[in-house]
Amino acid sequence: MSLPEIVSREEWRAAREELLAREKEATRARDALNAERRRLPMVEVDREYVFEGGDGEASLLDLFEGRDQLVVYHFMFAPEWEAGCRSCSAFLDQIGHLAHLKARGTSFAAVSRAPYTKILPFKARMGWTVPWYSSCLCDFNRDFDVTQEHEGELVERPGLSCFLRDRDRVFHTYSTYERGLDGLGSTTSLLDLTALGRQEEWEEPKGRASALGAPAGSARIRYHDEYED
């Protein structure tokens with residue numbers, strides 16, 4: 001095994017400060033990239049999708065649960081499989097309390113092509129409480145490029161898509177796939193992919209922090225058992 005070099009505390013501190021400067025540069029670059037992502041145009045979703053969930057059939061608008069934003073994790077689970085993808089399962093394992101996303105007007109849901117009768121027992125086995133829907137009744141997976149045809153066979157790939165709601169109109173704002181999922185899972189990392197972001201005053205472009213008619217995002221943070229919703 002190749003291990004780090006052993007040095008004195010002073011040498012380590014000097015090396016750490018040099019790396020810290022580069023880390024801060026990366027943070028500023030990430031902030032700028034997130035701002036560019038929020039400036040992306042959006043496209044209206046004009047197709048009617050029908051999902052299967054715990055309460056029966058649902059539309060894409062229903063997945064918002066009345067909030068302004070929706071983050072969908074495209075969970076790889078084909079109809080013929082008996083269990084969900086292991087890597088996708090590891091991703092859902094790291095999703096924490098959704099209360100912190102909901103406090104910023106953002107809902108989260110997993111969507112798979114497997115029928116809900118297969119999703120439900122696997123979800124129970126994993127002990128997850130996140131909303132999870134089946135898209136077996138519609139072309140949602142194909143339309144958002146997570147189910148593709150390759151050499152005559154349907155192939156699944158993981159992905160994540162973000163949506164914004166304006167009353168009853170739904171807009172697709174962003175999608176990322178495969179390696180684009182690296183480093184995601186925390187509340188802030190998911191919000192950074194959305195059109196409204198973390199809803200902080202320092203974020204660009206200006207005006208998104210007050211879009212929901214509420215205080216800046218960090219001012220809404222509570223212990224997860226203190227939220228009214």
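Tyrosine 49 is buried in this predicted model. Its relative accessible area is 6%. Phenylalanine 144 is also buried, again with a relative accessible area of 6%.

A pair of aromatic rings is described by the distance of the centres and the angle of the planes. The structure holds 16 aromatic pairs. Pairing requires centres within 6.5 Å. A tilted pair lies between the stacked range, under 30 degrees, and the edge-to-face range, over 60.

Tyrosine 49 lies in the loop between β1 (43–44) and β2 (51–53). Phenylalanine 144 lies in the loop between α6 (140–143) and β7 (147–150). The pair therefore ties together parts that are 95 residues apart in sequence.

Phenylalanine 144 has a further ring partner, phenylalanine 140. Here the centres are 4.8 Å apart. The planes are at 40 degrees, so this pair is tilted as well. Both phenylalanine 140 and phenylalanine 144 are buried.

Ring pairs also build a cluster. Its members are Tyr73, Phe75, Phe77, Phe91, Phe122, Trp128 and Trp132.

Charged side chains meet aromatic rings too. Arginine 37 places its charged end over the ring of tyrosine 174, 5.0 Å from the ring centre. Arginine 157 lies over the face of tyrosine 177. In that case the distance to the ring centre is 4.0 Å.

Methods: Residues numbered from 1 in each chain as written. Predicted model: local features only at pLDDT ≥ 70, side-chain atom pairs only at ≥ 80, totals over all residues. Heavy atoms only, no water. Phe/Tyr/Trp six-rings, centres within 6.5 Å; stacked < 30°, edge-to-face > 60°. Helix = DSSP H or I, 4+ residues; strand = E, 2+ residues; numbered from the N terminus. Buried < 20%, exposed > 50% of the residue type's maximum accessible area, 1.4 Å probe, protein only. Lys NZ or Arg CZ within 6 Å of the ring centre and 35° of its normal.
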